Every structure is written in C-alpha cells, then in structure tokens.
Amino acid sequence: MSLFGLGRNARTFRPKKAAPAGSKGAQLRKHIDATLGSGNLREAVALPPGEDLSEWLAVNTVDFYNAVNLLYNTLAEFCTAETCATMSAGPKYEYRWADGVKVKKPIECSAPDYIEYLMEWVETQLDDEAIFPQRLGAPFPRNFIESVRTICKRLYRVYAHMYHSHFNQICCLGEEAHLNTCFKHFVYFCQVSGCAASGAGDTKKSNKRFQCGSW
C-alpha cells in the first residue's frame with residue numbers, strides 16, 4: 001500500500017505550496033530536482049554557484065514544508081488525540097505549543113493538535129510577503145535566516161514524533177526508505193545552512209558553510 005494514498009482529511013491536509021514566485025524560484029526548484037535525482041543529498045543542499053543564499057533558503061524551506069506535510073498526512077488516521085495525547089518524541093521530549101502571537105504561553109496539547117497549529121503557523125510564515133517575498137526583486141528581511149531556522153526547528157519536531165510514535169506504521173506501509181531519505185535531506189540542509197545550530201543568523205557564516213560543503 002502506498003504511503004501517498006492514506007490518511008488525508010479536511011482537517012490536516014494542505015495543498016502543496018509552490019516555490020516563491022520571486023526571480024529564481026522556478027529555476028532553483030529545477031536545480032533541486034536535478035541534484036536530488038542524482039542521489040547525492042550533499043550536492044542537493046549545496047548553494048549553486050552565483051545564487052543568492054536567501055532565495056535558496058526560501059525555495060528549500062517550502063520544499064521541506066511540503067515534504068513534512070505530505071508525510072504526516074499519510075499518518076493522520078494513526079495519530080489521534082487518543083493514541084497521541086501529548087506531542088512528544090519520547091519521555092524526555094514533550095513539546096508544548098506557542099507562537100508568540102495567538103498563543104503566548106506554551107500550552108499542552110495532543111500531537112495532532114500541535115501539528116495542526118504548527119503547520120498552520122508555517123503556512124502563515126510562507127504566505128507573509130514581509131518574510132518570504134513574492135515580487136521580483138523584493139528584498140528579504142534582515143532576520144530571514146533566523147526565521148528559516150525557527151521553521152526548521154519546528155518541522156524537525158514533526159519528524160521526531162513520526163519516528164518515535166509512528167515508525168511501525170511507516171514500516172508496515174513499506175515507506176521507511178522514503179521517510180529516511182526525506183529526513184536525511186532535511187538534516188543535511190539544516191547542518192550546512194546553520195539552521196540546526198544557535199547563532200544561525202550570520203549570513204556570511206551560512207554562505208561559507210554552503211560553498212565549502214562544511215558538515
């Protein structure tokens with residue numbers, strides 16, 4: 001049974017997001033497809049020569065959102081308020097939701113509720129042109145890398161929950177290789193972009209990591 005045919009419902013399913021419509025979104029998307037097709041994930045996360053770091057981060061962030069959205073929605077029938085009463089990745093890792101706007105004080109909630117809040121929050125970030133510009137030539141905000149880092153940190157929690165609480169279901173579907181590849185791609189990108197470490201707002205350091213292939 002295919003991973004891509006299960007678990008979609010009106011509450012959790014979100015249509016695939018398109019790459020930012022800025023100057024090079026489609027071009028960079030083609031580059032990602034080509035390098036992923038080669039099977040070399042380290043090459044896939046490397047900043048293409050001469051390209052803008054923020055454009056590259058934006059296109060990849062949309063891709064990772066789409067990947068996590070699809071993967072989790074295949075598990076929606078297994079991840080319920082009854083089976084996953086708290087959003088966790090084991091006894092030492094419980095996640096509470098707060099976005100600093102609608103929910104300022106972290107709240108305890110079930111995994112499906114937490115992930116619904118999270119994906120809605122990420123989608124709002126991606127649709128905010130002050131953060132992810134859509135117009136040709138529009139500048140990215142100065143704190144853009146930090147915004148991407150926060151998105152990646154939160155998407156990581158969905159992967160952590162899927163691996164801890166739902167890996168058996170993934171294996172039953174025969175799709176663990178796909179999950180592992182998506183997660184490996186995500187982790188490589190976070191490492192090389194600086195999104196997995198504190199102080200990720202330094203654009204010069206992030207550029208150097210991409211260009212030098214620092215892991």
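**Salt bridges in a predicted model**

The side chains of R96 and E108 form a salt bridge, with an N to O distance of 3.8 Å. This pair joins distant parts of the chain, since R96 and E108 each sit in the loop between α3 (53-73) and α4 (111-127) and are 12 residues apart. The structure is a predicted model, and a search of the whole of it finds four salt bridges.

**Around R96 and E108**
- The R96 and E108 pair belongs to a network of salt bridges in which E94 is also linked.
- R96 is partly exposed, its relative accessible area being 46%, and E108 is likewise classed as partly exposed, with a relative accessibility of 48%.

**Between the α3-α4 loop and helix α4**
- A salt bridge is also formed by the side chains of K102 and E120, for which the N to O distance is 3.8 Å.
- Because K102 lies in the loop between α3 and α4 while E120 lies in helix α4, this pair ties together parts that are 18 residues apart in sequence.
- K102 counts as exposed, at 69% relative accessibility, whereas E120 counts as partly exposed, at 33%.

**Within helix α5**
- E146 and R149 meet through their side chains in a salt bridge with an N to O distance of 3.2 Å.
- Both E146 and R149 belong to helix α5 (residues 144-172), where they are three residues apart, which is about one turn of the helix.
- E146 is partly exposed, with a relative accessibility of 31%.

Technical notes. Residues are numbered from 1 along each chain as its sequence is written. This is a predicted model: local features need pLDDT of at least 70, side-chain atom pairs count only at pLDDT 80 or more; totals for chains, interfaces and linings use all residues. Side-chain values use heavy atoms; hydrogens and water are left out. Helices (H or I, at least four residues) and strands (E, at least two) are DSSP runs, numbered from the N terminus. Buried means under 20% relative accessible area, exposed over 50%, partly exposed in between (1.4 Å probe, protein chains only).
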